[in-house]
Each structure stands twice: as C-alpha cells, then as structure tokens.
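Trainee: I am new to this structure. Could you take one close look at where the domains meet within each chain, and at the charged pairs?

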Amino acid sequence: MEFAELIKTPRVDGVVLHRPFMPTVEGTLCLTGHHLILSSRQDNTEELWLLHANIDSIEKRFIGSLGTIIVKCKDLRVIQLDIPGMEECLNIANSIEALSTLDSVSLMYPFFYRPLFEVIEDGWQLFVPEEAFKDLESMTDEWRLSEVNKDFSVCPSYPSLLTVPKDIDDESLCKAASFRHGGRFPVLSYYHKKNGMVMMRAAQPLTGTNGRRCKEDEKLINATLCAGKRGYIIDTRTIAVAQQAKARGGGFEQEANYPQWRRIHKAIERSNVLQESLIKLVEACNDQSHSMDRWLSKLEASNWQSNVKEILTTACLAAQCIDREGASVLVHGTEGTDSTLQVTSLAQIILDPACRTIRGFEALIEREWLQAGHPFQQRCAQSAYSNGKPRSEAPVFLLFLDCVWQILRQFPCSFQFNENFLIMLFEHTYASQFGTFLGNCVAERVKLQLSQKTVSLWSWVNRPQELERFLNPLYEPNNLVIWPSVAPQSLLLWEGVFLRWNRSTKCLDEAHQEMVHIIEYNKELQNKVNSLRRQLAQLETEDSPLQTP
Amino acid sequence: MEHIRTPKVEQVKLLDRFSNKSVTGTLHLTATHLIFVESNSTSAQEIWILHHHIASVEKLSLTTSGCPLLIQCRNFRVVHFVIPRERDCHDIYSSLLRLLRPVSYDELYAFSYNPKQNDQQREEGWQLIDLAAEFERMGVPCDQWQLTDVNREYKVCETYPRDLYVPITASKPIIVGSSKFRSKGRFPVLTYFYQEKKAAVCRCSQPLSGFSARCLEDEHMLQAISKANHNSRYIYVMDTRPKLNALANRAAGKGYENEDNYSNIRFQFVGIENIHVMRGSLQKLLEVVGTRSLSMTDYLVGLENSGWLRHIKAIMDAAIFLAKAVTVEGASVLVHCSDGWDRTAQVCALGSLLMDPYYRTIKGFMVLIEKDWISFGHKFADRCDQLNPDPKEVSPIFTQFLECVWQLAEQFPQAFEFSEWFLIQIHEHVHSCQFGNFLGNSQRQREDLQLKERTYSLWAHLLSEKQNYLNPVYSPSFAESHPVLEPSTQAYHFKFWRNMYHQYDRSMHPRQSILKHVLTLKESNRELEGTVQALKTKLQKFGVSTSPLKPKTPPRGRSLPPRPQSLILGAPLLSRKEVQQDEDEEVFGEEAREDAPASTGGERTVEGSSATENGYGELTGSFGSKNEPGVVTLEFGVARMTC
C-alpha cells in the first residue's frame, strides 16, 4: 500500500495552529506518510512535527467554509488546526484518521526512520539475558539459564532464555508451563543479594474448579526456598476474583498443595478498568471550568490515585517480604503480563539501588517489561482520548511510571534520572520513531526483525548529549532500600503528565534552573578549592627547605 | 507549681498515630511543658509540648496495657500516650486540663519566657517593625493622604491602632460620623497605597444600614477616598461575605452599602464564608487526614466534603480581584466583611502581597502581618483560643492566610525570600504564646498588658535564625519581572498542605528533602567562596597571582545559628565541618550512626524511611512453624540495610 493513496490533500496554506500557553502560528500544513507538519516558514518559529501514530482521535467542526480539526494526542496534548476550505479540511481529517490507525506494524514509522546520529552503542545488544545471568552467577550458583523456550513453543510470551532453579530440568519446566496460564511458568525476576531471597513471577495456575495440581510446578517453586524457609505468594487479585477465575480454568495455589507458601491477595485492577480510569482522569484534568468540589470529586471518581496507591502498596509488600521478612516471593495475577510486572519491577526499584540508575532502569524495563512479555502494542494502541470501544488498551506501564515518579518525589536524591526521563518513556511507549516498544513479546519482535530494521530507543537515549536532559542533579548514589510512604496524603497527582499541557511551567522551570545552578556552582567551587589547596601545598613543600636551611 | 500533682510518670507508652509502632519513655510535667523522653538510650527522642499548644486532652477508656491519654495540639500534633496506672493518668489529665486553660494573661508563657536578653535587646526587638516607616515606604502621607490623630486615645475605634491614614479631604466630623455608621466604629482607613497608580486599598467594617438607613458622613468618606485617586472615577466596594450573609445582617441593623446612596461605587460580593464555617471545615479536614489506613477514596471525598480547599480558593480569588482592580484598573478598593477583622484582613493582606514584592521578603512579610493582622485588630486571642475559652470564637482565619501564601509559593517558587518552614514557624508561635506579638485582641489591649516591656518580640527571634527560613531559589530579580503575581486559580493548582497539617507525622514526609539539600549547598557555596578567597590570599604571599573570583554574594564568615530539627527539612543537617571532612558520605550518615551500634557501623538507613511505619499490608498470618515466631508481624523498627 502506498501512503499517497491515503493523502488526498498533501498541503494546505493559511492554516492556523492553536496550542495552550503558546502563541498561535499561521503556516502551511503538510501531510506525509508518518507526520503532520505545520511550518510558518519563518526562521525563528518552531515547526510542529506530529507523528500520526501519536494521534489518539480527532474532531471536526465547521463554521462557514472554515474548518477546524481538534487533534487529541496520545501524549495527552490537544491542539487545534483552523483550515480554510471545507474540502481541504475534510480531506486532511480523513487522511489523519486513516494514517493514525494503520493496522500493520510494518508500516509504522520506526521501519522508515533513519537516524541522523551515528549509533555508537546499539541499544538492541545492550541488555541481553546472558549478561544479566552473569551478574547472577557471581552471587549464587542455585540458578541456571534454560533454553527450553528457544523456539517460543513452551511459552509464546516469554523470551528464549529463562532463569530457573538449577535443580529443575527442562522437562519439568514444560509440565509446569502446561499448568500455568499462557505457559508462563514461575521464573526468576529478582535475586536479593543481601539475604539471598528471590522474587519469582508467573501466571495463575490452571487449577480449575476441580482443583488440579501439578507436582512439577510445586517442586519448581519449592526449589527456590532454602531449607526450613517459607515463602509468600502475592496474588494481585482479590480472593473473590481469584475464585471466579477457577470457573474459566484458572485459579490459585491451594494451601494443601503448597504448604510452605502463604498466599496474600491484593486488589490491583484489571486492564480494562485501568483504561476507564485514565480516560476519566484526563477528562477531569482537561476541564478548566471545574469548581474545587467538582475537581476533587472527578479526581476521586477517576480512581487513578487509588490505582497508584494499590500498586505501590503491593510492590512495597513484596519488597517487605523479601527484605524485612527474609522470605522469597512469587508474584502473579491472571496472565502475569500486567499487574504482576508492575509489582515485580517496582519492588526492585525499592530494593535494588542499581535500578535507580539510568542504565539500571533501562535494564529493568528491558527485563521486567519487554522481555517479560508485557503486550505494549496492544496496551498502548490508544490512549485517553480513544472514543472507540476499548479492545485491550490499558495504561499499565503508565501507572508503573507514575508509581516510580511517586517514589522519586519522596526520595529526590536517590535516582540518577529525573522526571523528564519517565515522561519521555511514556511518550515513546505510545508513539515513537524507535522500534523498542513495538510488538507484544520477544517472539513477535524477532519475527518483525526489529533489531535489524529499526533503531532502539536506548541507542538514542544513551548518547551523552541526550542523556544530559534526563539526569537528576540531586542524585547521590546510596545503597539503601527505600521505603516510600503510601498514605494518600503522600501520593500526588503526576502533574508533569496529566497537567502538562494545561499549565504554564515557566516559573517552575526557572526555579529548577536556579536549583541546578546552585548545585553546579557548588561543584565548581569544590574543584576550585581543591586545586588551590593542591597548588598551595606544592608551594609550601617547595618552600620549606628554603625556610629551614 | 500547685496545679501539678504528678510531675513524672515512668513506663509511659507513646503510640504512633498511623502505625502500630510504639516507644516507651518517661513523661514529665512542668509548669510550661509536657515532656516525653524515650527510654531507649541509642535514639532517645524527646518531645516537648507547650501547654499553650494543647487544644484538647482526652482520657480514653481503660485498656489492658493502661490508661490512654489523647492530646491534640493546635500545631496539628496529635500524641497518644498509654499510662500504666489509671491514677497517674488521671493526675496528668486533670493537671493538664487546668494548665491549658490559663485564667489570666499573666499565666501565659510569654510573661515567663526569658531568652537571656537584656532590656535594651528586648526593646530593639520590638523596634524592628515600624509601621509609620512602612506607610512612608508606600508613599504616605502624600498630597492626597494624611495621618489623622483622631484615634490617638482610642476614642473613635478601640480595636484600631492609634495612627490611621485617611484622605486629606476627610475632616474629623466626617470621620467621626462615618465611624458611628460602621460596626464597632471601624470606619474606612488606608491599609495599602499603590503608588504607581495612586490607588488605595482601604478597609472598614459593615455599614449600619439596616434596610434603609444612610449616613451622609459615611457617603462623604467614600467620596473622599474616591477623589483621592485621580486615575479612576469609581471605587470598588468589596463585601467579602456571601450575599446571603450580608442580607441577613440587615435585619440586625447592619448590612451593606446601597449603590443608590453612594456615588461612583461599584459594589461586589465575594463570598468567603464566616469563622464558624471555617472552623468546622478545618475540623472535618483534620478528622479525615487523621484517619488510620485512610483509603484514597475516603481521602479525596473527605477533602472535598471538608470544603477546606474551596475556602482557600475563595480567599485567593478575592485577593486576585482586589489586586487586579488596583493594578490594572488603577481603582481604589474598599474592603469589608462584618467586623472587618477576619476576611477583610485575609483579603487585604493577600492582595497586598500579590501587588508588592516587598511583602514577599522575610522582613516585608513581618511588616504585612504586623500591619493588616496585629495592628488592625485581628482577634488573635479569641481566634487562637489564648485565654478566654469561647469555642465559638476560635477559627483558623490566620492559618488560612498562611496557607494561601504557601499555595502561591507553590506556583511561584522564586517569588518568596522565605520557605514554607518560615510560615509554619510563624503558625507555631501564633499559638505558642511564647512571644508577645500575637497576645490579646487589639493594640489597645496589648498596651494595657505592657507587652513591649514584659515580653519579647517574635520577629527578632525569627530574624536571628533567618538562615533557616531562606528559600534557596529565591530570586530578587523575579520581583522585577513579576511585580504583580498573577496566580492561576484552576482548582487543580490548590493542594493539600501536608507539611503543615502533618508537620509531626514523620511517616508522611518525603524521605529526602530538596529544600534542605539545596539550602545546605547554598550555605556551603558561601563558605567555599570564603575559602577560595583565603587560599588565594595565601597564594599571593607566594607571589602567585590568581584570577579574581566573582562571588555571586559577598562571602560571609559569620557562623550560622543552630538549625532546629525539623521533620519537614528532613534529617538534621550535618555541620559543614563534617560535610567537608567526609564529602562522600551521604546525608543520612548521622541518622545511621544513631541507629547502628558501632560494631555494625555499616548499617544505614534513609531518614524516616521504614517499612513498618508505612503499613503496606497485613502479614499477620501464621505458618504455625516452630522455626518462626507464632505470629509473623513486621515490627522491626527502622529498616536497615548493609551497604
């Protein structure tokens, strides 16, 4: 298919762009296969380049022959384009609609994007399971890297290499896989160096109504316990939801079959509920006419903050079991691709200082989200302005980022990256020139040949000139476990994402600049003092023989 | 002291408000304080509670571990003691009941508090703020405004200060006539003069208009205010009450200005609720946020139902209206409510702060409070329940003003010379009765009490530790680019002020404080600039010329006053000596050292960060295993981790 077929009017002059808190721009609108471009053709005005993939939905309005298109983006921005001429406006609107909802992945921009920078460090090769396993091997010899899923046949959503207990052979793994939803048998998620406790993740066991059991599954998870030790199973669903799952062949671990494990149920919402929550929250944030009461009641009704609290609490609980209780933990929900990953990845940020560095955080996303099979493409197909019937869209990853932001707010000196890094990740999961978040699992990415045909986000982010924007000037590495407060009074609305386009941040940005300036000036002075001291010491030693002849 | 029956009780448990944690210690009762000293020798925390800060003491029903005593403070501290013996508990309870209800001013702490200053220092403290100088700064007296001596002896209005500024055309008969037509004699006087447009902000109380009464002198008075400003043909009259309240007042012979009787006024209701609504609102807010294991839904619903942020927004909206009328239209504005000492004070003070950058400095903010709150007779004694226990008079009017300033600082982080810690400290002392400034209800009463001779001024105290209250990112040039602040009043810009209302709830605060961190760096920068200079001087002796350093602020060698321990600022600051000694040790070093015995010196923790304080989940189930304790709980104390 040619993009040109979808573009009836490739350019219109005299289009006026309205954006909140910015002056209007008049210029020429151009449509290309992947971008909507508005250029005023004046030297010092910024051009608007919008990826079609970033467009969530559009609205058309006509007053006389003047048409208006309101473009609502997945990054939550809303812009308005006034287009002279009814036909032009209709054509543009139809093209945008068609181009922003292309079904075929291989037509997405990452397959056409050619970087203008030289790729020095290929992001696709940066975080391979073998490397992570080497780290693990240096700490313990209880684990092995299994190739049982080499051709993705045992579990289609798992990567080809998986870390499993050393004593469990591949045959047992296959049997355990057949007992777990989607074949997602328990695998290692995190090894807590301090006390050797581990966090595993899986999907729900397929006990069904007649209480099926699987010896291999029991053996597999028991193999992660030290002699005489007990573990916790954190089921991210309420007990009622878990019970209901039995009727559909799912279920949970029965005490009788897993006597060494204690099960705790939490209540993290399912993905369709989360999508609804996002839509309501963004609607509340975008309505400027609210009275105080209406704002608070809409914020409450969206349930977004409740979701943040619940996810964060569950992650803290998992971390607490591992670090404070000295117990190993198995986390799962239903499929093990959403709430499970929220919990395991957040727990690692709390427990493991390495995850709070930029590289470590990238590795965490790679390990716990991309390779773990979070279906990014399905979840991020639409954002808060989708008006169609939701399929499997859900802001699961955005909620994870929100939780990370909450911890960052409470421990502003413990993270190497800043809020902008998290916002950038949010943007790229929904629309990007990079291939990193395409596809739903490793198998799909291999099939799409993403590593050959597209550029990795990490190849771009990790360039020093880009990285600079994402560094936290307050960062002072510490090796501590950081326990966030989950009281509602301590959890804030993530304004950087949800009010980003609805407020002017000039004063806040300038204040931030001043803070950075103070920090940098301090470093400068420290260096100056050190160099002067050295200079002085040198002179003094040179001098001393003269003074004491 | 005669009211203290039991000065000391041992083995008292202090329960944490939000978790199951508790510590044991000794309770001491002195004439001025209730003191709790933790027995654990390694981290012995001490809690000092001033009797004046205690709002209520409650004896709860007896439990197996003893008799619980619940104490709620005006600075939002809530402490829950369990005293082993019922008799001790009762003794403490009844002593406190007596101690926290002083019957005469002489019993207030300010009259016994002695910071070891001589009379001259004390006097200097009181002279720090000079309101005559402040009016001069605004450009008053001038050709349109003059100082009147009509109230020199408090004869016209006893709740006003002696010195008042009125239009030059307002003669004494007009003033006296107008004052007779205003509630409590509070006739229109100048409180702020916007020199640039010669526009005035005046304040008064409601007119005694009833359904039809009028007063020619009062009409003349408003005419005079209008004529004093050539820039505008009209003046705004802002009635800060909801219209309904003003209407109801008419039945009592009070009310609001009839536009037909006053020429060239533009009358406007603003709709700020009265002191009773505000008191109830805060009470609801505190109930909600004081709930244990509060869910997000209950929190947000409770926040909404309390109406607190709605009221804060209403005050802010009114102040913005005032500032716009004055600075944009160049019109003079007369502000009143019922008596003109609550809502009027809020709106005039906040409006002035929006218009004049001076009030956003530390000194200027003191002047503003001294002018619009203290001198114009905001009834601090009644509103803060200093003496006369009439619960219907108590109301958090001043607290709301401080919160509005905080909300502004959130939107304009570089506009204020001070940080929120300054606001919280002022709030603390408005209720502490430790300094004379806020005692009593009016200037006249303060003179009768001879406060300047018998007590000390808070402002001198705060200025002496000014370093602690500085906003590190304050920019004087911001004032030049933003002389008038124009805040957004979108509902989502108003936030819950956690650091005020949870000031003492350690587990709620961010575990690392940016404010503290940047403040420390800024102090360190000053110190380093000095070091660089000193080193260069030394080098010059060796004949080495060095490039001149361009310090952003002149280096000062003055040592800093000790910083009070504050939960908001996070862990206590290390002295800079330590910072220099071991630059690579993190800020939590000190806390960690407290926690960890010397033998396991590697243990560290992030200040205040603990799994147990946060209550993530109910791990109370049991494995029934003999290797494990019967009940698996997570009571481990502060989380530690080996580095």
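Mentor: Start in chain B, where B:R101 and B:D385 form a salt bridge, with the closest N and O atoms 3.8 Å apart. A salt bridge here is a side-chain nitrogen of Lys or Arg within 4 Å of a carboxyl oxygen of Asp or Glu. Side chains of opposite charge can pair when their charged atoms come close.

A word on conventions comes next. This is a predicted model, in which local features need pLDDT of at least 70 and side-chain atom pairs count only at pLDDT 80 or more, while totals for chains, interfaces and linings use all residues; side-chain values use heavy atoms, with hydrogens and water left out. Residues are numbered from 1 along each chain as its sequence is written, and chains are lettered from A and ligands numbered from 1 in the order in which they are written.

Now the setting in chain B. Its domain assignment gives domain 1 (8-101) and domain 2 (129-506), with bounds that come from an automatic or database domain assignment. The C-alpha centres of these two domains of chain B are 37 Å apart. Where they touch, 13 residues of domain 1 of chain B are in contact with 21 residues of domain 2 of chain B, contact meaning heavy atoms within 4.5 Å.

The size of an interface is often given as the accessible area lost when the parts come together. Between domain 1 and domain 2 of chain B the buried area is about 1,500 Å², with 55% given by carbon and sulfur atoms. In domain 1 of chain B, the residues that lose the most area to domain 2 are B:F18, B:R74 and B:F76, together 43% of what that side buries. Buried area is the accessible area (1.4 Å probe) that two parts lose on being put together, summed over both.

Across this interface of chain B the rule finds 3 salt bridges. The count of residue pairs in polar contact between domain 1 and domain 2 of chain B is 7, both residues being at pLDDT 80 or more. On the side of domain 1 of chain B that touches domain 2, the residues divide into 3 nonpolar, 5 polar and 5 charged. In these classes Ala, Val, Leu, Ile, Met, Phe, Trp, Tyr, Cys and Pro count as nonpolar, Asp, Glu, Lys and Arg as charged, and the others, Gly among them, as polar. A polar contact is a pair of N or O atoms within 3.5 Å; within protein, one must be able to donate a hydrogen and the other to accept it, and residues adjacent in sequence count only if both atoms are side-chain atoms.

The contact takes 12 residues from domain 1 of chain A and 16 residues from domain 2 of chain A. About 1,000 Å² is buried between domain 1 and domain 2 of chain A, and carbon and sulfur atoms give 60% of that area. In domain 1 of chain A, A:D56, A:K74 and A:L76 lose the most area to domain 2, together 54% of what that side buries.

Across the interface of domain 1 and domain 2 of chain A the rule finds 0 salt bridges. Polar contacts are counted there, with 9 residue pairs (both at pLDDT 80 or more). Strand 5 (55-63) and strand 6 (66-73) of chain A are the elements that give two or more residues to the side of domain 1 that touches domain 2. That side of domain 1 of chain A divides into 5 nonpolar, 2 polar and 5 charged residues. Strands (E, at least two residues) and helices (H or I, at least four) are DSSP runs, numbered from the N terminus.

A:D56 lies in strand 5 of chain A. With 6% relative accessibility, A:D56 counts as buried, because buried means under 20% relative accessible area, exposed over 50%, and partly exposed in between (1.4 Å probe, protein chains only). Not counting residues up to four places away in sequence, A:D56 touches several residues, among them A:K72, A:Q382 and A:Y385. The side chains of A:D56 and A:Q382 are joined by a polar contact of 3.3 Å.

Over all chains, a search of the whole structure finds 57 salt bridges. One of them pairs the side chains of A:R391 and A:E393 at 3.6 Å, N to O. Here A:R391 counts as exposed at 63% relative accessibility, whereas A:E393 counts as buried at 5%.
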